[in-house]
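Subject: Structure handover

Hello,

Here is the structure for you to look over. Please open it alongside these notes.

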Amino acid sequence: MSSKPTKSRDFDHLIEQNSTELDFLSAYGGLANDSTDVAGIFSAIKRFLKAGGVDFTESDSKLTLEFGYVKQVENGCKIYFKGRSLPIVASDLTQAGFLDGKLPARRGSCTVTLQDWDLEQRRFIERLVEHINS
C-alpha cells in the first residue's frame with residue numbers, strides 16, 4: 001500500500017466548485033421553503049418605515065399608513081399601497097419572496113404578500129414610499 005495522499009476531493013470542495021447563482025429563478029416568485037418568519041418580516045418592515053420617516057399607527061398585527069397598510073397574514077406580510085401611477089410593473093410583484101401580487105391597469109394601488117425580507121423587498125417598499133411622498 002502506498003502512503004501517498006489521495007487526490008480525491010471532499011464533498012465541501014465539490015459543492016464550492018460547482019455552486020451556481022440561480023438568480024434567474026426569482027422570476028418564478030415565491031419561496032422554496034415554508035419557513036417564513038412572519039413576525040420577523042413585520043418587525044423589519046416596521047423598522048424600515050420608521051427609519052424612513054413614515055408615520056403609521058400600529059395594532060398587534062397591522063401597521064396602518066396614510067397610503068395603505070402592512071398586515072401579518074399566515075404566509076407572510078400583506079402590503080397594500082395606494083397612490084397615483086405607482087412606479088412598478090406586474091413583474092415587480094413576481095420576484096422571489098413576493099406572493100399573490102396584484103396591480104390594476106392604472107397602477108393606482110398594489111397588493112402583494114412579502115415572504116422574505118431581502119434587497120428586492122426593501123427596494124420595492126422604498127420606491128413606493130419615495131413616489132408617494134414626492
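Below is what was found, from the whole chain down to single residues.

First, the ground rules. This is a predicted model, so local features need pLDDT of at least 70 and side-chain atom pairs count only at pLDDT 80 or more, while totals for chains, interfaces and linings use all residues. Residues are numbered from 1 along each chain as its sequence is written, and side-chain values use heavy atoms, with hydrogens and water left out.

Confidence. The mean pLDDT (the predictor's confidence in each residue, from 0 to 100) is 82 for the chain, and 75% of residues reach 70 or more. Residues 22-33 have pLDDT below 50. Beyond near neighbours in sequence, that stretch has 18 contacts in the model; a contact means heavy atoms within 4.5 Å.

Overall layout. The chain has 3 helices and 6 strands. Both are DSSP runs, numbered from the N terminus: helices are H or I with at least four residues, strands are E with at least two. The order from the N terminus is α-α-β-β-β-β-β-β-α. Of contacts between residues at least 6 apart in sequence, 53% join residues at least 24 apart. The chain exposes about 9,200 Å², with 49% supplied by carbon and sulfur atoms; areas come from the Shrake-Rupley method with a 1.4 Å probe, and for residues only the protein chains shown count as cover. Buried residues make up 27% of the 134 in the chain. Buried means under 20% relative accessible area, exposed over 50%, and partly exposed in between (1.4 Å probe, protein chains only).

Cysteines. How many disulfides are there? The count is 0, taking a disulfide as a pair of cysteine sulfur atoms within 2.5 Å. Cys-77 is buried, at 0% relative accessible area. Cys-110 is buried too, at 1%.

Salt bridges. The whole structure holds 4. The rule is a side-chain nitrogen of Lys or Arg within 4 Å of a carboxyl oxygen of Asp or Glu.

- Glu-58 pairs with Lys-46, with the closest N and O atoms 3.0 Å apart. Glu-58 sits in strand β1 (residues 56-58) and Lys-46 in helix α2 (residues 38-51), so the pair ties together parts 12 residues apart in sequence. Glu-58 is partly exposed at 44%, and Lys-46 is partly exposed at 23%.
- Arg-127 meets Asp-92 at 2.8 Å, N to O. This pair links distant parts of the chain: Arg-127 is in helix α3, Asp-92 in the loop between β4 (76-82) and β5, 35 residues apart. Asp-92 is buried at 14%.
- Arg-123 pairs with Glu-126 at 2.7 Å between the closest N and O atoms. Both lie in helix α3, 3 residues apart, about one turn of the helix. Arg-123, Glu-126 and Glu-130 are linked in a network of salt bridges.

Gln-121. This residue lies in helix α3 (residues 119-133). Is Gln-121 buried or exposed? It counts as buried because its relative accessibility is 0%. Its side chain reaches the backbone oxygen of Ala-96 at 3.0 Å. Leaving out residues up to four places away in sequence, Gln-121 touches Ala-96, Gly-97, Phe-98, Leu-114 and Asp-116.

Backbone. Asp-100 is not a glycine, yet has a positive phi of about 55°. Asp-100 is in strand β5 (residues 98-102) and is partly exposed at 48%. Arg-107 also has a positive phi, near 55°. Arg-107 lies in the loop between β5 and β6 (109-114).

Best wishes

Key. A polar contact is a pair of N or O atoms within 3.5 Å; within protein, one must be able to donate a hydrogen and the other to accept it, and residues adjacent in sequence count only if both atoms are side-chain atoms.
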